[in-house]
Amino acid sequence: MQKAIVVLAGLAALVGLFWPANDPAESLLRDYQSRLARTLEQDISIDRLTPATLLLPRQTRLQALPEQRTSLGKALKLGECGLVPGLAKANNSLGKVAPASDQLLLTQELLAQAKTCETTDPALAEPLQQLILHREALWPRLLNNALIAGPEWDAYFASNAQALAPGTQIDFSLAALTDWLSEIDPYQPVDRADFNRRLQALSQSNQGAAAIHAHRLATHYFARLTPALKQTKICTGPRKVEQRRLAEQVFASQYLERVQPWLSDIDKALRQIEALQASLENKTGSLPQWLAVDSRFTKFQQMTREHAMAWKDLLGRCGIVLGS
C-alpha cells in the first residue's frame with residue numbers, strides 16, 4: 001500500500017510538470033465563464049489554451065549587414081577627422097562580434113565625427129563621403145538588431161512567462177526605450193550608460209510576454225463569451241425580474257470590478273509594444289516579422305469593445321440603462 005502511494009505521488013508530480021496549475025489570469029476568466037454560464041442559462045465550454053512560443057528564431061529577426069570593414073588605407077587617410085580609433089574598433093575581431101547595441105553606438109559616434117569633419121584636403125572628400133554612406137546604410141539595420149533581435153528583447157518576451165495577472169503593476173520600461181528611440185539622431189553621439197540602463201530594465205521584465213499571453217488568453221475566452229452574451233434569451237420571458245437581477249449582479253461584480261480592469265491593463269501593456277514598433281519602423285523604414293503568434297493589437301481592442309457592447313445590449317433588454 002505504501003509503495004502504491006509513493007508511485008501515485010510520483011505520477012502526480014510528473015503530471016504537475018506537464019500540466020501546470022491555472023495562472024491568476026486564467027482563474028479570473030474561468031470564474032467569469034462559470035458565473036456567466038449560470039446567469040445566461042447556457043453551456044459555455046472552453047478548452048485549455050495551447051501554449052505557444054512567442055518569438056520567431058533570432059536569426060529570422062536579424063537583418064543582414066553590409067560589409068562593415070573600412071580599408072586600412074582609407075582609415076589612415078581619415079586620421080585628421082579623428083576617425084581612426086573608432087574604425088579600428090569596428091574592424092578588429094572583437095568589434096565584428098560585439099553586441100549589436102555596441103556596434104550601433106560606435107556607428108553613431110563615427111557618423112557624428114564624419115559629419116562634423118571639416119577637412120582642407122580635397123583628396124579626403126571622397127573617402128569621407130563613402131564612409132558616411134556606408135555607416136548610414138549600417139545604422140538602421142544595427143538599430144533593428146539591437147532591439148527586436150537583442151537578448152533584452154528575448155527576455156522581455158520570454159515564452160515561459162505567465163499571462164499578465166489581474167492587478168499587476170504595469171511597468172513602462174518599453175515606453176522608456178520608445179522615448180529614447182524617438183529622440184535619437186544617427187549623427188549624434190548617444191549616452192552609452194543611459195542606453196544600457198534602458199536595455200537592462202527591459203531585460204529584467206517579462207511584461208511583454210505577459211501582455212501577449214494575456215492577449216491570447218482573453219481572445220480565446222471571449223471568442224465564446226461574447227457570442228453567448230449576444231445569443232442569450234434571458235429577460236424575454238416571465239422570469240425577467242429574477243434574470244435581470246442576476247445579470248446586473250454579474251455585470252457589476254465580475255465584469256466591471258474584475259474583468260474590465262484586467263483588460264485595461266492588458267491594453268496599456270500592448271500599447272507600449274505597438275508604439276515601439278511604430279517608432280522603430282519610422283526610424284528604419286522597415287520592420288521584419290518578429291512574433292510567432294497572431295497578436296494583432298487592434299483585434300484586441302475590437303474584441304473588448306464588442307464584449308462591452310454585448311453587455312450593453314443585454315442589459316438594455318433587461319431594462320437596465322448604463323450610466324443611469
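Ala25, Glu26, Leu29, Arg30, Tyr32, Gln33, Leu36 and Leu40 in helix 2 meet Leu217, Ala218, Tyr221, Phe222, Leu225, Ala228 and Leu229 in helix 12. Contact here means heavy atoms within 4.5 Å, and helices are DSSP runs (H or I, at least four residues) numbered from the N terminus. Sorted by class, this contact has 12 nonpolar, one polar and two charged residues. Ala, Val, Leu, Ile, Met, Phe, Trp, Tyr, Cys and Pro count as nonpolar, Asp, Glu, Lys and Arg as charged, and the others, Gly among them, as polar.

Before going on, please keep in mind that this is a predicted model, where local features need pLDDT of at least 70, side-chain atom pairs count only at pLDDT 80 or more, and totals for chains, interfaces and linings use all residues. Residues are numbered from 1 along each chain as its sequence is written, and side-chain values use heavy atoms, with hydrogens and water left out.

How do the two helices lie? The axes of helix 2 (residues 24-40) and helix 12 (residues 207-231) come within 11 Å and cross at roughly 10°. The axes are lines fitted to C-alpha atoms over the stretch in contact, with angles running from 0 to 180 degrees between N-to-C directions. Helix 2 and helix 12 are therefore roughly parallel to each other, a label for angles under 35 degrees.

The link is right-handed, with 95° about the S-S bond. Cysteine 235 lies in the loop between helix 12 and helix 13 (240-284) and cysteine 318 in the segment after helix 14 (297-317), so the pair ties together parts that are 83 residues apart in sequence. Cysteine 235 is buried at 4% relative accessible area, and cysteine 318 is buried at 1%; buried means under 20% (1.4 Å probe, protein chains only).

Finally, look at the aromatic rings. Rings of Phe, Tyr and Trp (its six-membered ring) pair if their centres lie within 6.5 Å; planes over 60 degrees apart count as edge-to-face, under 30 as stacked and the rest as tilted. Trp153, Tyr156, Phe157 and Trp290 form one aromatic cluster. Within this group, tryptophan 153 and tryptophan 290 make an edge-to-face pair, 5.1 Å centre to centre with 75° between the planes. Tryptophan 153 is buried, and so is tryptophan 290.

Conventions:
Parallel < 35°, antiparallel > 145°, perpendicular 65-115°, else oblique. Disulfide = S-S within 2.5 Å. Buried < 20%, exposed > 50% of the residue type's maximum accessible area, 1.4 Å probe, protein only.
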